[in-house]
Amino acid sequence: INLVSSYTQSDAIAGIGRFGIVASPVEPLVYVGLGGQISVYNQFSGELVRSLTPTVGSIASMAISQDGTRLYLNDPVNLKVVELRADTGEVVNSYTVLPSQWSSLHSMLMPGYFRPNGRPLLFMSGTRIFDLTTGEQVPVEGGYDTYFYSVSTNQNPNWIVGNDGPLIEYFYSALGGGSGKLTGTVKSFVSYAQGRAGQACVNAAGTRVYTASGAPYEFPGVGILSQTLEQTLPGTAYPNSVVCGWNGILVGGAGAFYDAQDIFVYNTVTGQNLGNYSSSTQNGYRYLLDRGLALSGDNQRLSALSYSESTKLLLRIINLPAVQN
């Protein structure tokens, strides 16, 4: 699917995050945000289901609620994360992003939707967390105060994983008057991420954190309990995307401009390589965008965003192999 965009090769390789991609956890839909529009595609047919034009300055990274009814998009122009209805694009609420001294960071920050102890919360870099029921900021004790480029909230609703691998477990308590208290505990901190800011995820078993950060040219898995390197899944230069599925699958991507294949699929239980793919119809001379992968809710389809001179921005939907453990 060719997408109209002002992206350039230098934008893509610099990792400029002027896009959003997220898959619905409950429907076969993938949401792609570019400029001021969100295009919604069926991940099985490739059909454009609908287009949303929310009232925002621009669309960068996105998150989605557990029931698929709400989108959360980073609007770096207005320094906000905006909550939208996923069916109409109507703005429901907005949450202020704290300015950073690194202005280029604002376009790449990725919000995270998670539910510690069943309470729906919105994680924003700088450890600003908002209660999505009340719209109020939640006071946090402990945790890890930083500007993550991206966060992963897969597998465990109490966990947040930053792009370079730190894992924080949150506990939400409504005791003491029901005002809500959130406590963060760092559960994993050893990381083999050595290069650019990429992405991290936790395997289906909840036992390892995997990173994709430019170097090393692989997807290392650090044991959450052992705090040692337990598994190494081969990749190529330069890893920049990784997503983990509930069925044990891991999909890692790399900004491999010249390589024929830049997407690598593994069974995290056995370490078996299930297949390698290209993010583009272009043979080489293309770039998988940083954090440009989205895994469908049933783990059967992968959507990938890439740039090349011939296609500009391309959304490619890949049928993934079954995982047998």
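**Close-up views of a predicted model**

**View 1. The largest pocket.** In this predicted model, the largest pocket has a volume of about 990 Å³. Its lining comprises 38 residues, and A23, P25, I64, T153 and N154 are the closest to the pocket centre. Seven strands are shown: β2 (20-23), β6 (62-64), β10 (112-114), β14 (151-152), β18 (199-202), β22 (239-244) and β26 (286-295) each contribute at least two lining residues. With 4 residues, β26 gives the most to this lining. By class, the lining of the largest pocket holds 22 nonpolar, 14 polar and 2 charged residues.

**View 2. The second largest pocket.** The volume here is about 160 Å³. This pocket is lined by 13 residues, of which S6, R18, L34, G35 and I59 are the closest to its centre. The lining of the second largest pocket divides into 6 nonpolar, 6 polar and 1 charged residues.

View 3. K181 and E141 form a salt bridge, with the closest N and O atoms 3.7 Å apart. K181 is in strand β17 (residues 181-188) and E141 in strand β13 (residues 140-142), 40 residues apart. K181 is partly exposed at 41% relative accessibility, and E141 is partly exposed at 44%. K187 forms a salt bridge with E169 (3.8 Å, N to O). K187 lies in β17 and E169 in β16 (residues 167-173), so this pair ties together parts 18 residues apart in sequence.

**View 4. The salt bridge between R286 and D262.** The closest N and O atoms of this pair are 3.2 Å apart. R286 lies in strand β26, whereas D262 is in the loop between β23 (249-254) and β24 (263-267). R286 counts as buried at 0% relative accessibility, and D262 is buried with a relative accessible area of 0%.

Note on methods: Residues numbered from 1 in each chain as written. Predicted model: local features only at pLDDT ≥ 70, side-chain atom pairs only at ≥ 80, totals over all residues. Heavy atoms only, no water. 1 Å grid on protein atoms, 1.4 Å probe; cavity = no way out; pocket = protein on both sides within 12 Å on 5 of 7 lines; lining within 4 Å. Points joined across faces, edges and corners; volume = space filled by probe spheres on them. Nonpolar A, V, L, I, M, F, W, Y, C, P; charged D, E, K, R; others polar. Salt bridge = Lys/Arg side-chain N within 4 Å of Asp/Glu carboxyl O. Buried < 20%, exposed > 50% of the residue type's maximum accessible area, 1.4 Å probe, protein only.
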